[in-house]
Amino acid sequence: MITGSGDGTAGTAAGDGTGPDVAPRAGGEWARHWRYPGLPGLDLLRARYVRHSFPRHAHDGYVIAAVTDGIEEVGFAHGPVRTGPGEVMMINPEVAHAARAGAPEGWAYATLYPSAALVAEIAKETTTLRGTAGFAETVTEDPHLGRMITEVHRAAEAGSALAADTLLRLAVARLLRRCGGPVPARTPRTAGARTAARAKVLLGERMAAPPSLEQLAQELGTSPFALLRAFKDAYGMPPHTWLTDARVRRARRLLEAGSAPAEAAVTVGFTDQPHLNRHFTRIVGVPPGAYRRERAAQAGGARTYKTAGGAAS
């Protein structure tokens with residue numbers, strides 16, 4: 001938790017809006033969302049946001065974010081949590097949340113998005129946690145860890161696979177030892193939860209042409225409001241919000257595979273490319289065009305990296 005705004009570290013490489021392929025935005029905002037071939041199983045985001053806000057969404061992997069300047073406010077089902085410099089935010093997979101600036105100056109941060117497989121690998125080697133490893137806390141005050149996270153970004157941008165991988169694993173292991181715990185099972189236990197899970201499957205299968213809430217409820221043998229309550233209880237957001245998030249997730253995979261934004265938009269059920277642009281930028285933090293260019297550039301970098309026999313360090 002934060003008690004003040006702090007003076008931040010906006011001049012760091014992970015907080016100054018400089019470096020390769022940073023996407024400038026209006027009002028002094030900037031962002032870079034990318035992958036480094038030397039760190040498989042990890043996405044990276046460094047950004048400064050002032051007016052930008054993230055709508056309710058979730059991730060299939062983990063979120064580990066170190067605020068370097070300003071204040072970020074993240075909204076969970078249990079209420080808002082604010083973080084500032086010297087603190088690290090942790091979010092487990094599929095936990096619904098929103099985010100926005102918690103101060104007029106906005107916030108800058110360096111974020112790691114490790115996959116479930118990567119965290120499981122580190123947890124197995126460095127902890128005694130059983131089941132699916134995750135984080136039992138949302139925020140921890142640890143300036144050293146925050147610096148380690150920004151150093152992962154610096155090392156990756158410098159092309160130092162050895163340093164980046166070492167720092168990443170040390171940072172995740174430190175967090176797991178300090179704040180680790182088993183992730184609660186999401187197995188449906190009630191009739192309402194089972195109905196919500198069936199609704200989620202149907203929406204995923206019919207993403208491009210989804211039914212209305214009433215039609216979906218009829219198919220599942222329930223009422224619209226009962227389905228709405230069950231879905232929000234199970235996934236932390238109503239069906240239409242979950243569907244938008246799911247469409248953006250699928251669009252990301254299509255863009256990574258080389259699809260053009262306009263093609264991805266139609267495939268996942270958005271009306272056109274501007275419709276995709278709006279929702280994609282709000283949820284991912286960068287426009288789909290910039291996201292696709294980063295992935296294309298990194299695909300070329302991955303081929304170079306492999307050709308070199310993985311010797312980059």
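Which residue just after H2 takes a positive phi? Gly-159 does, with a phi of about 80°. The model discussed here is predicted.

## Helix H2

H2 covers residues 143–157. Its 15 residues should span 21 Å at 1.5 Å a residue. The end C-alpha atoms of H2 are 21 Å apart, which agrees with that expectation.

H2 has a set of buried residues. They are Leu-145, Gly-146, Met-148, Ile-149, Thr-150, Val-152, His-153, Ala-155 and Ala-156. What do these buried residues pack against? Their partners are S2 (30–34), S3, S5 (63–70), S8, S10 (107–114) and H3.

Is Asp-142 buried or exposed? Asp-142 is buried, because its relative accessible area is 3%, under the 20% cut-off.

Asp-142 meets Arg-174 in a salt bridge, at 2.8 Å from N to O.

The arginines are partly exposed. Arg-174 has 30% relative accessibility. For Arg-178 the relative accessible area is 43%. Both values fall between the 20% and 50% limits, so neither residue counts as buried or exposed.

How many residues apart are Asp-165 and Arg-169? They are four residues apart, about one turn of the helix, and both lie in H3.

Asp-165 is partly exposed at 25% relative accessibility. Arg-169 is also partly exposed, with a relative accessible area of 28%.

## Salt bridges across the model

How many salt bridges does the model hold? The count comes to 19. Side chains of opposite charge can pair when their charged atoms come close.

Some salt bridges share partners. Such bridges join Arg-35, Asp-43, Arg-252, Glu-256 and Arg-295 into one network.

## Arg-48 in strand S3

Arg-48 lies in strand S3, residues 42–49. Arg-48 counts as buried, because its relative accessibility is 13%, under the 20% cut-off.

Which side chain does Arg-48 contact? Its side chain makes a polar contact with the side chain of Asp-69, at 2.6 Å.

## Backbone at Glu-94

Glu-94 has a phi near 60°. That is a positive value in a residue other than glycine. Where does Glu-94 lie? Glu-94 is in the loop between strand S8 (87–91) and strand S9 (97–101). At 25% relative accessibility, Glu-94 counts as partly exposed.

Definitions and conventions: Residues are numbered from 1 along each chain as its sequence is written. This is a predicted model: local features need pLDDT of at least 70, side-chain atom pairs count only at pLDDT 80 or more; totals for chains, interfaces and linings use all residues. Side-chain values use heavy atoms; hydrogens and water are left out. A salt bridge is a side-chain nitrogen of Lys or Arg within 4 Å of a carboxyl oxygen of Asp or Glu. Helices (H or I, at least four residues) and strands (E, at least two) are DSSP runs, numbered from the N terminus. Buried means under 20% relative accessible area, exposed over 50%, partly exposed in between (1.4 Å probe, protein chains only). A polar contact is a pair of N or O atoms within 3.5 Å; within protein, one must be able to donate a hydrogen and the other to accept it, and residues adjacent in sequence count only if both atoms are side-chain atoms. The expected span of a helix is 1.5 Å times one less than its number of residues. Contact means heavy atoms within 4.5 Å.
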